[in-house]
Structures are given as C-alpha cells and as structure tokens.
Amino acid sequence: MTSAHVLSVAMLLADARLPSGGHAHSASLEPALLGGMPVAAVPAWLVGRATTASLVEAGTAVVTARVLAMADDSGLAGVVGAWAARTPAPALRDAARLLGRGYLRLARALWPEMPAVRAVVAHAAAHGPLPRAVVLGAVAAATGLPPADTVRLTVYDDAQTAAAALLKLEPLDPVAPARWVLDACAAAEPHVPRVAACITPEEIPASGSPQTEGWAQAHALLSQRLFRA
Amino acid sequence: MLPEPREVVAEPAGPELPGWPYPPDQAAPRVTQVAVERPARPGAPVRVRTSDGLLAARLVSRDRVHAEVALVAGGAMLLGGDRVVVGIRVDAGCALTLTDVGGTVAYDGDGAACHWDTDIRLGAGAALTWAGLPFVVAAGADTHRATTARLGPGARLALRETVVLGRSGERGGHIVLRTDIADDAGPVLVEELTAAGEHPVPGVLGDHAVIDTVTTVHGGPATGSDHPSASGGAVTLRLERGGTLTRWLGPATHLSPLGPPALPVPDTAELSEEA
C-alpha cells in the first residue's frame, strides 16, 4: 500500500478534528484572558507565542526526530530533560503531557510498526507520559516530515488552537483570528531555519514567556474554566 | 558600611586554578573571580581567593565553612562594549554568600552591546547564595546577561536577579537574559528571556518594567516543601528536577514581594567531621 504524502500527514496533524484531545486546550489563551489580558492584545500575544513558547516546542520535536532517526532511543531522555528544563511552569508541563498522551494513542494506531513510534511508546511505558512535542517528533521521524515543516506545523497548531479557543471565549468575527494566525506564522518564519537546524538537546530554543507561565499556574487552580490549559 | 577586607584574604586567584572556567589569557584584567576553598588545616577558616575586574570583590566575613563576599562596581558601568565577567567557584562542602553593594545601570551604548556573564561552579555539597541588586536597562542599552551554573552532587544555589527595563520615566532598552543551570544528571533550568522596553510583548513581560526572580536549586528531587503558590502577585514554579523559580512582574522594584534568597548555612560541625 502506498503511504500518504507527508503533506497529508501534516494536514492531519494540524486538523482540529484530529481525535487527540486538542479541543480541550486553548494553548494558554484562556489563562491569559482570565489573567487580565485584553482581547485586543491577542494578536500581539500570538506573535509573541510564535516566537517564544512555540519555538521551544518546535525545537523539541525537531531534535526528537533527529535522535530517533539515528535509532538512539536512549537519547529520548535527554530531549525530555532539555524540554522540561525549558518549561518551568508545572501546569504547562502537565498540559503538554496530557496532549502527548492523546498524540501517542493516535501515533500508535496509525504507525504501529515504525521504529520511532515504537521507541516513544516504550519510553512512555517505562518512564511516564511524554510531552506532545516529543511525540510529534516521533511522528515526524516515522513519516519523514522535514524539520522546517515540523517547526511550521508546531507554530501553526499552537496559534490555531488559541484562535479556535478565542471564538469560544469571546464573541467576534471568526475571520479576524484567521488573519492573526497567519501573522503569527509569518513572525515565526525568520526563526524556522535556526530551529529546524537543531541537532542536540542543548540547541533547543529556551525562549521563555514569564507572564504566560504565571497565568498558566493561576489557571490550573481555577475550578471554573472551559479549557484545561 | 562595608568592612575593610582583612589582610589574610588577599590571596590573588592564580591563573591556573584547577577547574577555573577561563583560560589564563582571559583572566585579566576584567574578570572578577571569587573562589572559596576548604581550609588549609582543620579548624581554620575557608580560604577565599579573589581577583577584581569591572567588579571588585571584597571579603566581608568568613568562618570554617562559609564566606561572605561583597561585589562592588569598580567604576562607571555598564557602558556600550563593556563585558563584565564573573567567575564564582565554591569547593565541596563550602558555602559562599555574595552581596551586591549597589545596583547596576546599563547605559545607552549608542549601538554597542554590553555583556554580563556569570559562571558558577559548585562542588559537591557546596552552597551559593547571591542576593543580586537591581540591574537597570536604560533606554538605548543593548544588554546580554548570562548566568551559567554547574552544580556538583548535593550543591545548593539561591539566586536573586532583578531586571528593570528603564530608569524612571523611560521604557528601557533591550535585554537578553539567559540562565542555564545544570548538574551531573543534566539541565535543571534553561531560560532565555528577550525583552525590549519599547516593544512590550503580552505573554512575555507585558507592560511590566520589573522582572524579579529568585531561583533556588537544592540538589534533590522536588519535595512537598516547594509549595507552588502565588503570593503578593509572585508565582512560584516548581522545576521538574527539583528547586523552584519564584517570579514577580510589576511596575517598580519597591513593590516586589520577593526578598533576598536564603539557604541554610551549613553547620560548621559537618565539615569538622569530614575533615
């Protein structure tokens, strides 16, 4: 049987209809709005995210794919450690691992024989849930998704997740956030070559966003929220 | 008032200190070094070696385990093109408390960047507490601050870093603030914050001028005593590998609920037993 084209794989992964649990997340948007950020700041916030938090995730996925392509399963722990050291907020680590679980379930069903997927399944079974970015990296390795496209996919998915959540939280013309998503992707574009070139865990971007991290922690303690994170 | 340094401490840091992070040709003249070494004989105070760069190091006090050293600006700083390099080494079982005597202003460098690099090496069971004073990034300044710490087994580290974007009435310049803390098992905290007073980014610092951070790493897995909490607007993040990062963002330093970091000073009896 012919495999699906890698672009089809990318579209599948970026599709909000993907049954991986992404609909329960707002990519930190609900925490930001509940934390007092005005809706008018969302476009600038999306651009900030696309050039900070999203790049940490993207670099993690890229390095995971490289480590797994070299059949270096033991390198996975190093990638997870680098990601965790770059993700100081426990609420964000927890959210990423929840998403990772959904992604892993999907990856295991779709590409069960691929060594990269088997490696993450075995790692998760032995050491606990893996963050989404690591599972995405395994899918990239399994399907041949190029590093630059892995970065773009991560940035897009993050921005689109927030944009979709915004429409559930605030009444506004649905066309507006579509523009903001593309603007965020454009802002990340100059960073794509650098992030796609990451080879070792040390090279993964460490761009932090303290305000988002603070909002995430406060949000995790709330009982009245629409999204998990 | 800063006590006069005692005579006995003026043991200049030799360029060939084992494990020193800088090659000898870079060691002079602008590298500030502080090294705390175990006493020469049981019962004697720790040895403290210092060398002065753009910052001068002055011994305040010492005993058999612990030394306190103050860092004093040697002149006008930071100007464009300046590079402050601080090397701190605390040997196994010793403890160092560093204090800043004054805050620092990074001035408009007229296009030239300035750097402040700190390299910290802690031996097994060593401790460093550094209560940093505010670092002000004036309008037009292009600053790069990097703190790298390598911790031996059981080493403990408590750092306060307060960065202020702009003097009063200014929005402030540009800063890249990098922190890289690791031990033998791998990275503990790696963070690179980029901010510019003229271009506030919601989610990064928003409109806040002050980012006040206390980082505490105590050489062990996360425990229940690291209460993740928010108090006075500060948020405490529990790091995956243990330790905490407590951070406050706000408009002015005097409003910050954070105080100087503290680590328990090791009991002098412990060292005597080991010696």
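Ala4(A) is exposed, with a relative accessible area of 55%, and belongs to the segment before helix H1 (6-14) of chain A. The model described here is predicted.

**Ala4 of chain A**

- The relative accessible area of 55% places Ala4(A) in the exposed class, because exposed means over 50%.
- Ala4(A) and Leu167(A) are 163 residues apart along the chain, and their C-alpha atoms are separated by 32 Å.

**Helices of chain A**

- Helix H4 (residues 53-69) of chain A contains 17 residues. From its first C-alpha to its last it reaches 25 Å, close to the 24 Å expected at 1.5 Å a residue.
- Most of H4(A) is covered, with 15 of its 17 residues buried.
- Just after H4(A), a positive phi of about 55° is found at Ala71(A).
- Helix H8 (residues 132-143) of chain A has 12 residues, which should span 16 Å at 1.5 Å a residue. The end C-alpha atoms of H8(A) are 16 Å apart, so the span agrees with that expectation.
- H8(A) is also mostly covered, since 11 of its 12 residues are buried. Among the buried residues of H8(A) are Arg132(A), Val134(A), Leu136(A), Gly137(A), Val139(A) and Thr143(A).

**Aromatic pair and charge in chain B**

- The count of aromatic pairs over all chains comes to one. The pair consists of Trp116(B) and Phe135(B), whose ring centres are 5.8 Å apart. Their planes stand at 90°, and the pair is therefore edge-to-face.
- The pair links distant parts of the chain, as the two residues are 19 residues apart. Trp116(B) lies in strand E9 (residues 114-122) of chain B, and Phe135(B) in strand E11 (residues 135-137) of chain B.
- Both Trp116(B) and Phe135(B) are buried.
- Arg145(B) has its charged end over the ring of Trp116(B), 5.0 Å from the ring centre. The charged end of Arg145(B) also sits over the ring of Phe135(B), at 4.5 Å from that centre.

**Cysteines**

- A disulfide is a covalent bond between the sulfur atoms of two cysteines. The count of disulfides over all chains comes to zero.
- Cys94(B) has 0% relative accessibility and so counts as buried. Cys114(B), with a relative accessible area of 2%, is buried as well.

**Cavities**

- Rolling a probe the size of a water molecule over the atoms shows where empty space is left. Over the whole structure, a search finds five cavities of 30 Å³ or more.
- The largest cavity holds about 270 Å³ of space. It is lined by 24 residues, and those closest to its centre are Arg145(B), Thr147(B), Leu159(B), Arg160(B) and Glu161(B).
- Elements giving two or more residues to this lining include E9, strand E12 (142-151), strand E14 (174-183) and strand E19 (244-250) of chain B. The greatest contribution comes from E13(B), with four residues.

**Arg156 of chain B**

- Arg156(B) is located in strand E13 of chain B. At 16% relative accessibility, Arg156(B) counts as buried, because the limit for that class is under 20%.
- The C-alpha atoms of Arg156(B) and His144(B) are separated by 25 Å, with the two residues 12 residues apart along the chain.

Definitions and conventions:
Residues are numbered from 1 along each chain as its sequence is written. Chains are lettered from A and ligands numbered from 1 in the order in which they are written. This is a predicted model: local features need pLDDT of at least 70, side-chain atom pairs count only at pLDDT 80 or more; totals for chains, interfaces and linings use all residues. Side-chain values use heavy atoms; hydrogens and water are left out. The expected span of a helix is 1.5 Å times one less than its number of residues. Buried means under 20% relative accessible area, exposed over 50%, partly exposed in between (1.4 Å probe, protein chains only). Rings of Phe, Tyr and Trp (its six-membered ring) pair if their centres lie within 6.5 Å; planes under 30 degrees apart count as stacked, over 60 as edge-to-face and the rest as tilted. A charge sits over a ring if NZ of Lys or CZ of Arg is within 6 Å of the ring centre and within 35 degrees of the ring normal. A disulfide is a pair of cysteine sulfur atoms within 2.5 Å. On a 1 Å grid over the protein atoms alone, a cavity is a set of points where a 1.4 Å probe fits but cannot get out, and a pocket is an open set with protein on both sides within 12 Å along at least five of seven lines; lining residues have an atom within 4 Å of a point. Grid points are joined across faces, edges and corners, and a volume is the space filled by probe spheres set on the points.
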